[in-house]
Amino acid sequence: MLCSVIILNWNGESMLRQFLPSVIKNTTGTDTEIVVADNGSTDNSLAVLKEFPTVRVLTFDRNYGFAEGYNRALKETEARYVVLLNSDVEVTEGWLESLLAFMEEHEDYAACQPKILSYKQKTHFEHAGAAGGYIDRYGYPYCRGRILNNTEEDKGQYDTVADVFWASGACMLVRRETYESCGGLDAAFFAHMEEIDLCWRMNCRGWRLACVPKSVVYHVGGGALDYSNPRKTYLNFRNNLLMLYKNLPPRRLPWVLLMRFLLDYTAMLQSLLTGKPGNAKAVIRAREYKAKRAENLRLATTLYPATMSRRSIIFDHYVFGL
């Protein structure tokens, strides 16, 4: 089989009803399957899925999170390419064909993503991926079309294929063989930034990644956890630090973590001053992390991928107003 489109679901019956029909309608080809992997849902998700007989359903005994959930789902498929697709994504006509055509023509690319626009404001880019992701010198992810919480209007300014540092887990097409050889998503992350960690490994092992804007999807975002939820704050800060500790070159690690200590505690104070004590506590808890560093450094063919920025988006945005 050429491609498996895998949607990971957890208590998302309303999302399945709303968005799965667009995936079925716009995903064509006899060599492609649509798979929904249910992460131990306790709502009516499985009953809803019976309404879509062309969809293959995998059922897990509990919620394994985004990372391990996808790892388990991939073991149940055999396609050359796999799409990780969030359940709150509306796809458009030709979305998959454009991604597959690019990957078939470019054997040095491990993964690619479409242009991701906001479902709630379709004229603008969506936070989680936009037109392709990058990372700054202090480990803060950003995108073409999104810096921190500010998203741009889509005026065609990113309608060219571009190499990126990371492709969004909201909609990522990846070579199965590369996914497996690079270790898949790290289950320790549970959810949030696990795809950036995987893409970092792919970059450092000689692979390229791209945004293919001819393919367009619309993403709701924040479907599982609201952006203000302390649990989400904890996972974002913890996983970002874990990712840095796993992947940064040895000589950069100490000073980057020192700078992040200062910046993260600044974020903690801001949460306190704005009446969000739960988020402030989550930032502190996030620093209790361990890592898997030795294997990443051993297998890397480069420690400084070309798509890794040498600038800081924090200083550029808040200090210099760029």
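This report describes cores, helices, salt bridges, aromatic rings and a surface patch in a predicted model.

## Basis

Residues are numbered from 1 along each chain as its sequence is written, and side-chain values use heavy atoms, with hydrogens and water left out. In this predicted model, local features need pLDDT of at least 70 and side-chain atom pairs count only at pLDDT 80 or more, while totals for chains, interfaces and linings use all residues.

## Nonpolar cores

The largest nonpolar core has 67 residues. A core here is a set of buried Ala, Val, Leu, Ile, Met, Phe, Trp, Tyr and Cys residues joined through side-chain atoms within 4.5 Å. Buried means under 20% relative accessible area, exposed means over 50%, and partly exposed lies in between (1.4 Å probe, protein chains only). The residues with the most contacts inside the largest core are I6, Y70, L84, F165, Y179, L185 and W200. A second, separate core of 33 residues includes V23, V55, L85 and L96. In soluble globular proteins, nonpolar side chains tend to be buried together.

Contact means heavy atoms within 4.5 Å. With neighbours within four places in sequence left aside, I6 is in contact with V35, A37, Y70, A73, L74, T77, V82, V83, L84 and L85.

Helices (H or I, at least four residues) and strands (E, at least two) are DSSP runs, numbered from the N terminus. L16 is found in helix 1 and is buried, at 1% relative accessibility. L16 and D88 are 72 residues apart in sequence, yet their C-alpha atoms are 7.8 Å apart in space.

N11 lies in the loop between strand 1 (3-9) and helix 1 (13-26). The phi of N11 is near 50°, a positive value in a residue other than glycine. Most residues other than glycine have a negative phi, and most peptide bonds are trans. N11 counts as partly exposed, at 29% relative accessibility.

## Salt bridges

The count comes to 15 salt bridges, each being a side-chain nitrogen of Lys or Arg within 4 Å of a carboxyl oxygen of Asp or Glu. In one of them, the side chains of E51 and R17 meet at 3.2 Å, N to O. E51 lies in the loop between helix 2 (45-49) and strand 3 (56-59) and R17 in helix 1, so the pair ties together parts that are 34 residues apart in sequence. E51 is partly exposed at 45% relative accessibility, and R17 is partly exposed at 45%.

Another salt bridge joins R176 to E180, with the closest N and O atoms 3.0 Å apart. R176 and E180 both lie in helix 5, four residues apart, about one turn of the helix. R176 is buried, with a relative accessible area of 10%, whereas E180 is partly exposed at 47%.

## Helix 6

Helix 6 (residues 194-204) is mostly covered, with eleven of its eleven residues buried. Among them are E194, I196, W200 and C204. R201 and D197 both lie in helix 6, four residues apart, and their side chains form a salt bridge of 2.6 Å, N to O. R201 is buried at 5% relative accessibility, and D197 is buried at 0%. Salt bridges that share partners join D186, D197, R201 and K246 into one network.

M193 is in the loop between helix 5 (176-181) and helix 6. M193 has a phi near 70°, a positive value in a residue other than glycine, and is buried with a relative accessible area of 14%. Just after helix 6, G206 takes a positive phi of about 95°.

## Aromatic rings

The structure holds ten aromatic pairs. Rings of Phe, Tyr and Trp (its six-membered ring) pair if their centres lie within 6.5 Å; planes under 30 degrees apart count as stacked, over 60 as edge-to-face and the rest as tilted. The ring centres of F261 and Y265 are 4.7 Å apart and the planes stand at 40°, so the pair is tilted. F261 and Y265 both lie in helix 8 (residues 253-273), four residues apart. F261 is partly exposed at 37% relative accessibility, and Y265 is partly exposed at 25%. Elsewhere, Y138, W255 and F315 form one aromatic cluster.

## Surface patch

F315, Y318, V319, F320 and L322 form a nonpolar patch on the surface, with about 590 Å² of accessible area together. Patches are made of residues with over 30% relative accessible area and no salt bridge; like charges are joined within 9 Å, and nonpolar side chains (Val, Leu, Ile, Met, Phe, Trp, Tyr) within 5 Å. Accessible areas come from the Shrake-Rupley method with a 1.4 Å probe, and for residues only the protein chains shown count as cover. F320 lies in the segment after helix 11 (313-319) and counts as exposed, at 55% relative accessibility.
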